[in-house]
Amino acid sequence: MDEKKITGKSNVILCIVSVVILVLLLFPLFWTLITSFKTEKEIFIIPPTWYPHELNTRSYAAQIENGDFNMFKSFFNSFVISTGAMLIAVVLAVPASYAIARYKFVGRKAMLLGFLVTQMLPVSVLLTPMFIMFRNMKIYNTWWAPVLADATIGIPFSVLILKNYFASIPKALEEAAYIDGCTRMMAFMKILVPVAKPGVIVCAIFSFLYAWGDLAYGMTFILDQEKRPITAGIFNFMGQYGTKWSYLTAFAIVAIIPVTLIFIFMQNYIISGMTNGAVKG
Amino acid sequence: MKKVKDFFRYENAGLLFILPAFLYMLVFVGYPILSNLILSFQDVSVKNLVHGQKHFVGFTNYLQIFGDEVFRKAMGNTLKFTVYCLIFQFLIGFLLALLFNKNFTFAKTVRGLTMIPWMMPMTVTALMFKFMFSTDVGIINYILKCLHLIQNNVEWLTTPRTAMIAVVAANVWIGIPFNTILLATGLTTIPQELYESASVDGANGWQQLIKITLPLLRPTIESVLVLGFIYTFKVYDLVYVMTEGGPVNSTHLLSTYSYKLSFDLFQYSKGSTVANVLFLILFIVGLLYLKITMQGEED
């Protein structure tokens, strides 16, 4: 960011330009939201209406009723799957990243490289082998399958982000704890993790969001529609009722509620995650 | 026993902290990579997927894949898709980064809000763009007609030539925030004094961009492009939900074709083979990326 603050006329112009750009960029979201409150009939009117003339909340109400349009169950499934994946990722990644930041153990470089490479992995490489593995483990068609698979996206990301946080904590803090009689484990749990808390939150958010957005694992490893996550539910619905846009757009809005909430309350964490995770590696 | 204890006493104590995560990744990622490789040298269909004899067939799958017209098409599509996406998302992202680098009242707030598309589930993005690009109700056809750019509604997603444009547009929408935020972060590392002294010497904005911004931003630009390549080259959900690779395979990417072979046609070995080709390309590009980023790092 430039040091000197821009004032006066050019400030006003830049503000207007940026708002226009924002409106253009977020138009798809706005349009989806508007459409979800229109009746099926109104959606097909040409020229399109810019706000719902007849407010239709059917597409939302139907989602909590029984029947084909029920998305509440899928939403709940997604929530359970994403939370599970997030917990596994955080619990495993926090100590791992501390190890990479603080210790020069055998195989450190190779392991770090391993975490980096997994971030580049296309999902199709893992799908079939995981499918066979989960069938053999008897967890195919249960929540466990996508939970275990989704955690593999969160772990490498979290390790790479968090190692920077742990590396920035002064060593003296840890040494003081040892002098006071702390074991390694105690110092890690009681002193280091609390200091690295912002980083842990970033990891939790991203691990959750990665799992929330997943379609391939949820669709491939779960057969029963009632157990599938919301992304797979939407995809399935699109195949069956391709042009029921009023329902489809309402599903889309419901599916992004958690994303929106996380964004509103934790925007700074997200930006720090995007910049740290991707550039520094 | 004492020896074991000594081994883990100093630096190797780190192993105890990293082992759980490492083993997890070994089981759920390492092993699948290996078994996918083996799968591509076998002949596995729905009959012998979980149980039964799996025969080794050497390079047969690879030879067949490279003779497969759809595979070659998917390979070309993947490259086209990636290059188009990279060009547009980089250019737009760069312009936005330059804008948000200025210190005006709304800069921070608006920059934050432009990140939203990046966080959305790809399935939702695909749905939104499918709706906007649809023939009769699509807002894009309506706007283009209002601007007199087209006479009749374009069948975006059911015409081979235009379907690619639609999926590229959707992916660029996701990619813009990613490019913006990384380039904007890179811009903040350029010392302000350089611009000030250039102004004193009479350099205009364009000259400053060419002579100061671009050369100093080069490391960031390199990593943004290589990372963008990796993320775009393996895109799967977006295209699968929007077009399922159609019409007439015109939007099939390596990732969607691999999925189709394995889970629609149940030719698991062929699907694995395509996935391995995709992985190999990403791996090579990935090594390039590591070379760029690791240079400055202590490890």
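Modeller: Helices are DSSP runs of H or I with at least four residues, numbered from the N terminus. This is a predicted model.

Biologist: Where is B:Pro247 found?
Modeller: A cis peptide bond joins B:Gly246 and B:Pro247, with omega about -10°. Most peptide bonds are trans. B:Pro247 is found in the loop between helix 12 and helix 13 (254-263) of chain B.

Biologist: What separates the C-alpha atoms of B:Thr159 and B:Gly246?
Modeller: B:Thr159 is in the loop between helix 8 (139-146) and helix 9 (160-188) of chain B. It is partly exposed, with 16 other C-beta atoms within 10 Å. B:Gly246 is 87 residues away along the chain. The C-alpha separation is 8.9 Å.

Biologist: How many of the contacts in chain B with a separation of 6 or more are between residues 24 or more positions apart?
Modeller: Buried residues make up 42% of chain B. For the contacts you ask about, the share is 70%.

Biologist: Which helix of chain B gives the most to the side that touches chain A?
Modeller: In all, 82 residues of chain B are in contact with 89 residues of chain A. One helix, residues 13-39, gives 17 residues to that side of chain B. By class, the side has 55 nonpolar, 22 polar and five charged residues. The helix is helix 2.

Biologist: Which residue of chain B is in contact with A:Ala93?
Modeller: The largest nonpolar core has 154 residues, and A:Ala93 is among those with the most contacts inside it. Leaving aside neighbours within four places in sequence, A:Ala93 is in contact with residues of chain A including A:Ile155, A:Val159 and A:Leu162. From chain B, the contact is B:Ala21.

Biologist: Which helices of chain B cover the buried residues of helix 12 of chain A?
Modeller: The buried residues of helix 12 (residues 230-240) of chain A include A:Ile230, A:Phe235 and A:Phe237. Among the cover from chain A are helix 4 (72-102) and helix 10 (197-213). From chain B, the cover includes helix 7 (122-132) and helix 12 (237-242).

Biologist: How many residues of helix 8 of chain A are buried?
Modeller: Just after this helix, A:Gly181 takes a positive phi of about 95°. Helix 8 (residues 171-179) has nine residues and lies largely in the open, because the number buried is zero.

Biologist: Is A:Lys138 buried or exposed?
Modeller: A:Lys138 is in the loop between helix 6 (123-136) and helix 7 (144-167) of chain A. Its phi is positive, near 60°. It has 9 other C-beta atoms within 10 Å, and the cut-off is 12 or fewer, so A:Lys138 is exposed.

Note on methods. Residues numbered from 1 in each chain as written. Chains lettered and ligands numbered in written order. Predicted model: local features only at pLDDT ≥ 70, side-chain atom pairs only at ≥ 80, totals over all residues. Core = buried A, V, L, I, M, F, W, Y, C linked by C-beta atoms within 7 Å. Buried ≥ 20, exposed ≤ 12 C-beta atoms within 10 Å, placed from the backbone. Contact = placed C-beta atoms within 7 Å. Helix = DSSP H or I, 4+ residues; strand = E, 2+ residues; numbered from the N terminus. Nonpolar A, V, L, I, M, F, W, Y, C, P; charged D, E, K, R; others polar.
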